[in-house]
Amino acid sequence: MKPSGNILFSGVGGQGILLASEITAYALMETGLDAKKSEVHGMAQRGGSVVAHLRYGDTVYSPLIDPGHADFVVAFETMEAVRYLPFMHKDTKVVVNTHKIAPPSVATGKATYPHDILAELAKHNIATFRVDGFEIARTVGEIRAANLALVGALSSFLPVEEDVFLAVMKKRLPRKLEENIAAFKKGREITSL
Amino acid sequence: MAKADSEKIWLSGNEAIARAAWEAGVTVASAYPGTPSTEILENLVKYNDVYTEWAPNEKVALEVGLGASFAGARVLVTMKHVGLNVAADPLFTASYTGCRGGLVIVNADDPEMHSSQNEQDNRNYAFAAKLPMLEPSDPKEALVMLKEAFELSEKYDTPVLFRTTTRLAHVKSLVTVGDRNMGPVEVKIDKDPAKFVMLPGNARARRQAMVGRQQELLSFADSYPGNRIEKGDTKKGIITGGVAYLHAKEALPDVSYLKLGMSWPLPEKKIRDFADSVDELIIVEELDPFYETHIKAMGITCTGKDKIPATGELNAAIVRKSLGGESETLLPPVEMPMRPPNMCPGCPHRGIFYNLSKLDVFVSGDIGCYTLGFLPPLSAMDSCVCMGASIGVAHGLTKALGGEQYKKTVAVIGDSTFLHSGVNSLANMVYNKSHATVLILDNRITAMTGQQQNPASGETLMGEAAQALNLEQLCRAVGVEHVTTVNPHDIKGTDKILKEELKRDATSVIICQAPCVLIPEMRNKKITPLTISVDNCTGCQACVRLGCPAISWQPLTPEEAKSLGKREKQKGYTKISTEMCNGCGQCLAVCKFEAISEVEEG
């Protein structure tokens, strides 16, 4: 039996979720797995919540992850990890960017950003791996590399060798390859301890 | 790319359809952008030897397609589901004329309304217009079946509908690509008035030809390999198609399936044989009970929508639960602030809706990014129905309200939507004398679907310079005497004009002209971001009420306020994110305390 799994990527429009999910999918497919990804364009973007479903295995039928069946959640924004709690199960691993982006109601002072929101995951004993994507991006000198840091943190859990990821990045990243690889490695360190 | 197989690549449904169109020898393609169909032409334009264009609306796109087909070319026309309503007029008669070169109309439905105002099930159009409809489940099938659709079109002399949904259009999977093969029809003028001139005499003959075609298509459906039986446990048999097939297969992998690749006409013999081979027949389909209704009309006993929801998108969990599976206990959702979409920082529309939010008017809205003007804190839209509706709705309001009330009616419509189907309604306003004020939000692009060109953009889909339609001249040509152009970033100037035009006893148009911040020339422009002086900010929240994503409210406790040297009562101050700020200056215009200024260089 080939390995199979469901990865849910969540965040805010414009955070590079698309690229992160593509790099992950191509790495999985390099090992001979089938992969399907589903996302939503149009009105759902424009700074709103964005989610991409990535499923892999021997043969993938449905392009959508069923609620309760996301094995991994990669959240590019803190609150956007917890929003998808109903997609998680007791063994879900969550990789979460500690970067916070205020939704409109918070930015306009009508609501407050929930305090210690990740405690909601801890309540259900969900394994949560915090990645300071912003800080990593700053350290490697490419402000847009936070998404690759998150992919790096996710990569430790996937049935794919690190070299495969690096080869995919070399092939698919148009620029700032070195910085992105550095961000990937820093992310991977967080989860491979 | 999976393994090293160069024939297999990972494509979205829309990319696969574009690839298939090229492989099928398509030489002409026309479309109006609409989620989830837009990326088809955006990808097809990258291939050589295909003429692609954005038409001003879907009706025009289909008529262009018909003409090219009459000339013998293989043609692709694409649109979203509601676009087919606009194109329905030529569609129903194209069913009579048939075609010369293969004509395939890709129709993208949007169950769950991810990016649409309704979730109509366009399989019903295939039935109503008496046209064959193919419906793939994933990108791999889409690539194969689109090529089959062209053969079907030429063999049976019929336009072919090709239905996708969001979860095919925007799903990526492995596909097998091939070479380009041109169609067999010679491209030339081939006059055939009995077929192409739909006067009643000719149309009656064509109507009879359609009856014969329907019979032939029925036989085709029974032999079409895309309608396939997958034998499994015969206690349950499922008839399904499109993406619903994938959800069902995931939920119940072991039962028997009749997977329909052709949604119309239905393969009656195959359905009867399949029904006889299973104990219980269940129809699993997204949205309407389309297969179910027609299968029941054949006198076959089945179940379907009594179990499976007829609204929204399906997934495997819904299918499993509907068909008697145990429902799983899910972790409970956590209440937290929603994150709706918003207009971009520096969006010119924001200034308009800020002004409208201060006025006591009914804002008749339309379809585009500016529909987001409905959301708080601007909350300045009172109706939105379909493409181009804003002007007609505003006219209707003024006629019903009468008297002085008409001075409280505003229509708001984007440049692309105005040219799609708003201009006729403007002619009606002038002709039938209503005095509402029409705001054309001219950002020079079809923004919501991802910045596609339109007749006012000055450029074609293929990147050639084009005549940029002059909106002011067009409005004057339909008889509007009062046409004013404003810069929507100039909040105060626009407010003055708005108030003047609302008072006017005549139809008036205000063209609010400023480019979308996402078009390349704006992205490459040097930006001088703005910043807020915490010292000067009094926490009045005037700028916050713009709802700009770059502006955020920073709450203060009385102690914090005091330590910043402010009144204890000041509840907070505002911050501008220099990374996000586009320097549009709208917040600068609304700040009365000189707290906002340009970031100093260096």
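Visitor: What radius of gyration does chain A have, and what would a compact globule have?
Guide: This is a predicted model. Chain A has a radius of gyration of 16 Å, and a compact globule with 193 residues would have one near 16 Å, so the two agree. The C-alpha trace of chain A spans about 50 × 40 × 35 Å along its principal axes.

Visitor: How many helices and strands are in chain A?
Guide: Chain A has 8 helices and 6 strands. From the N terminus on, the order is β-α-β-β-β-α-β-α-α-β-α-α-α-α.

Visitor: What share of chain A is buried?
Guide: Buried residues make up 55% of its 193 residues. As for contacts in chain A between residues at least 6 apart in sequence, 67% of them join residues at least 24 apart.

Visitor: Next, the core. Which residues have the most contacts inside the largest nonpolar core?
Guide: Those are A:V73, A:A149, A:L150, B:A21 and B:L146, in a core of 236 residues. Helix α1 (residues 17-30) of chain A gives the most to this core, with 8 residues.

Visitor: What does B:L146 touch?
Guide: Leaving out residues up to four places away in sequence, B:L146 touches B:I17, B:A20, B:A21, B:A24, B:V104 and B:F162. Among these, B:I17, B:A20 and B:A21 are buried residues of α1(B).

Visitor: How many residues of α1 in chain B are buried?
Guide: In helix α1 (residues 13-23) of chain B, 10 of the 11 residues are buried, which leaves the helix mostly covered. The buried ones include B:G13, B:E15 and B:R19. After α1(B) comes B:G25, which has a positive phi near 80°.

Visitor: Changing topic: how many residues does each chain bring to the contact?
Guide: Chain B brings 48 residues and chain A brings 45. On the side of chain B that touches chain A, the elements giving two or more residues are α8 (166-169), β8 (171-176), α11 (242-251), α14 (316-322) and β20 (551-555) of chain B. The residues on that side divide into 27 nonpolar, 14 polar and 7 charged.

Visitor: Which strand of chain A pairs with β8(B), and in what sense?
Guide: Strand β2 (residues 34-39) of chain A pairs with β8(B) in the antiparallel sense, over 2 bridges. One of the bridge partners in β8(B) is B:V171, which goes with A:S38.

Visitor: Now the open sheet in chain B. What is the strand order?
Guide: The order is β9-β11-β10-β13, 4 strands with mixed pairing. β9 (228-230) and β13 (280-284) of chain B each have a single partner strand, so one side of each is left without a neighbour in the sheet. Neighbouring strands are turned by 20° against each other on average, direction ignored.

Visitor: How do β10 and β11 of chain B run, and how many bridges join them?
Guide: Strand β10 (residues 233-241) and strand β11 (residues 255-260) of chain B run parallel, joined by 6 bridges. B:I239 stands opposite B:L258 in β11(B).

Visitor: Which helices lie across those strands?
Guide: α12(B) lies across β9, β10, β11 and β13 of chain B, at about 150° to β10(B). Helix α13 (residues 290-297) of chain B lies across β10, β11 and β13 of chain B, at about 140° to β13(B).

Visitor: Last topic, the backbone. Which peptide bonds are cis?
Guide: One joins B:W264 and B:P265, with omega about -10°, and another runs from B:P376 to B:P377, with omega near 5°. B:P265 is in the loop between β12 (262-264) and α12 (268-277) of chain B. B:P377 is in the loop between β14 (362-364) and α16 (389-401) of chain B.

Visitor: And what is the phi of A:N125?
Guide: The phi of A:N125 is near 55°, positive in a residue other than glycine. Most residues other than glycine have a negative phi. A:N125 lies in the loop between α4 (119-123) and β6 (127-131) of chain A.

Visitor: Why does A:N125 count as exposed?
Guide: Because A:N125 has 9 C-beta neighbours inside 10 Å, and the cut-off for exposed is 12 or fewer.

Visitor: What about B:M113, where is it?
Guide: B:M113 is in the loop between β5 (103-109) and α6 (123-129) of chain B. Its phi is positive too, about 55°. B:M113 has 14 other C-beta atoms within 10 Å, so it is partly exposed.

Key:
Residues numbered from 1 in each chain as written. Chains lettered and ligands numbered in written order. Predicted model: local features only at pLDDT ≥ 70, side-chain atom pairs only at ≥ 80, totals over all residues. Buried ≥ 20, exposed ≤ 12 C-beta atoms within 10 Å, placed from the backbone. Pairing = 2+ DSSP bridges. Axes fitted to C-alpha atoms, helices over the stretch in contact; angles between N-to-C directions. Contact = placed C-beta atoms within 7 Å. Nonpolar A, V, L, I, M, F, W, Y, C, P; charged D, E, K, R; others polar. Core = buried A, V, L, I, M, F, W, Y, C linked by C-beta atoms within 7 Å. Rg over C-alpha atoms; globule rule 2.2 N^0.38 Å.
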